[in-house]
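I've opened a new notebook page for this one.

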Amino acid sequence: MVQLKDQIVEQADLLLTDKETNVLGADLILKESRVVLQVNAKRLTLLDVIKFIECDITAKRPLRDFRWHAALLHACRFHGTFIGNCFGQRLEESPSGGIEQCDFSEAILDGCAFYGCDMASIILPKWPCFTLLNLTDRIKEMTSLEWPGELGTWVRSYSCFPLGNMVAATDYAPTLMKQYKVSEEQLDQAISRLSNLHR
């Protein structure tokens, strides 16, 4: 087992793999470090509270369904593919977590969500990723529109579950095109109608 807690680690190289369980925290601070993830989400645990400050975080293979709520992510740069990840402060899970001033421009975010944060401080990935902002305020507008293919199912999924303090969701066009049977042109035209679109 790899376990780091109750310390400040600066300018380190940290490789986390599936060979063992990786536990980070509590009260761990990683500063200006390179964190390489070659790990399944089930083999990675973050305990309240861990701080990543100005770190490079790289997923060497897609990191699926991981919750970053126990982490405070400040001015970090993300690389690689993140599928179904959740970032930011989700009060019911970890009131001390958060995300600010992070850069995802070199990452692919596929079905990822942001909670309780200021999205103006986040650099988001460009197309074929795209982000829907202010979901709580805009969900009625989104569900009132006609959608090509099976995209209506994707839109309604946001209204079927409580959004809580989710402030944004980022999707990956190739995944939606395959899953909901639409072309890139159809998807592009459909989402371009949304006032809360960022790409």
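I began with the face of α1 turned away from its buried side, and found the exposed residues D137 and K140 there. For me, exposed is over 50% relative accessible area, buried is under 20%, and partly exposed is in between (1.4 Å probe, protein chains only). Helices are DSSP runs of H or I with at least four residues, strands are runs of E with at least two, and both are numbered from the N terminus.

A note on the source: this is a predicted model, where local features need pLDDT of at least 70, side-chain atom pairs count only at pLDDT 80 or more, and totals for chains, interfaces and linings use all residues. Residues are numbered from 1 along each chain as its sequence is written, and side-chain values use heavy atoms, with hydrogens and water left out.

Next I checked the buried side. Helix α1 spans residues 135-143, and its buried residues are L135, I139 and M142. Looking down the axis of α1, I see them fall within an arc of 75° (directions from the axis to the C-beta atoms), so they line one face of the helix. What do the buried residues of α1 pack against? I noted β16 (129-133), α2 (151-160) and β17 (166-172), with contact meaning heavy atoms within 4.5 Å.

Then I turned to the whole chain. I listed four helices and 18 strands. Of the 199 residues, 45% count as buried. The C-alpha atoms fill a box of roughly 55 × 30 × 25 Å along the principal axes. Among contacts between residues at least 6 apart in sequence, 46% join residues at least 24 apart.
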